[in-house]
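Okay, thanks everyone for coming.

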Amino acid sequence: MRITPRSPEEIASMQVFPRGDYEFEVLAGRDDVSRAENEMIVLTLRVSDANGASRFVTDYLLEKWPIKLRHAAEACGLLEQYKAGTDFVGKTGKLTLIIEKNKDKQFPDKNAVADYVVKESGVAGIKFLRRKA
């Protein structure tokens, strides 16, 4: 078996980030349909911490979560385009990550986007869209 020796720092950087706010960049986006047959936007995000370490996180924006969808557009500076639909690729902003635990213990825990951080907008945010970690 071939192995790649890794330092403790490299191994630590492979783990999930703790719950908190992080900078992000949208690397890819596509329209899709969920298992429940809801239209959605699937975003591939690079999330970075203050030390420059990064993780890749997939997020799903659905019409049934309009606050999160609006916050994503607002955090990316796309509020004007939000009304007509927009492309998120290449946009940056800040988001709140949580840790999603795998109930079956079949897969490792993973980061998930709870919400996107926006400046004062008068729209009440939601604490966590997914289960609390």
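So, reading along the sequence, the pattern you get is α-β-β-β-α-α-β-β. That's three helices and five strands in the protein chain, where helices (H or I, at least four residues) and strands (E, at least two) are DSSP runs, numbered from the N terminus.

Quick housekeeping: this is a predicted model, so local features need pLDDT of at least 70 and side-chain atom pairs count only at pLDDT 80 or more, while totals for chains, interfaces and linings use all residues. Residues are numbered from 1 along each chain as its sequence is written, and side-chain values use heavy atoms, with hydrogens and water left out.

Now, the overall numbers. The chain has 133 residues, and 31% of them count as buried; buried is under 20% relative accessible area, exposed is over 50%, and partly exposed is in between, with a 1.4 Å probe and protein chains only. On contacts, meaning heavy atoms within 4.5 Å: take those with a separation of 6 or more, and 51% of them are between residues 24 or more positions apart.

Let's go to helix α2, residues 66-75. Seven of its ten residues are buried.

Next, the largest nonpolar core. By that I mean a set of buried Ala, Val, Leu, Ile, Met, Phe, Trp, Tyr and Cys residues joined through side-chain atoms within 4.5 Å. It has 20 residues, and the ones touching the most other members are Phe 24, Leu 45, Val 47, Phe 88, Leu 95, Leu 97 and Tyr 116. α2 gives the largest share, four residues. Zooming in on Leu 45, and skipping neighbours within four places in sequence, its contacts include Phe 24, Val 26, Phe 56, Leu 95 and Tyr 116.

Last stop, Phe 17, in the loop between α1 (8-13) and β1. Buried or exposed? Phe 17 is buried, because its relative accessible area is 3%. Beyond four places in sequence, Phe 17 contacts, among others, Tyr 22, Val 47, Leu 97 and Ile 99. And Ala 112 is 95 residues away in sequence, but 9.9 Å away C-alpha to C-alpha.
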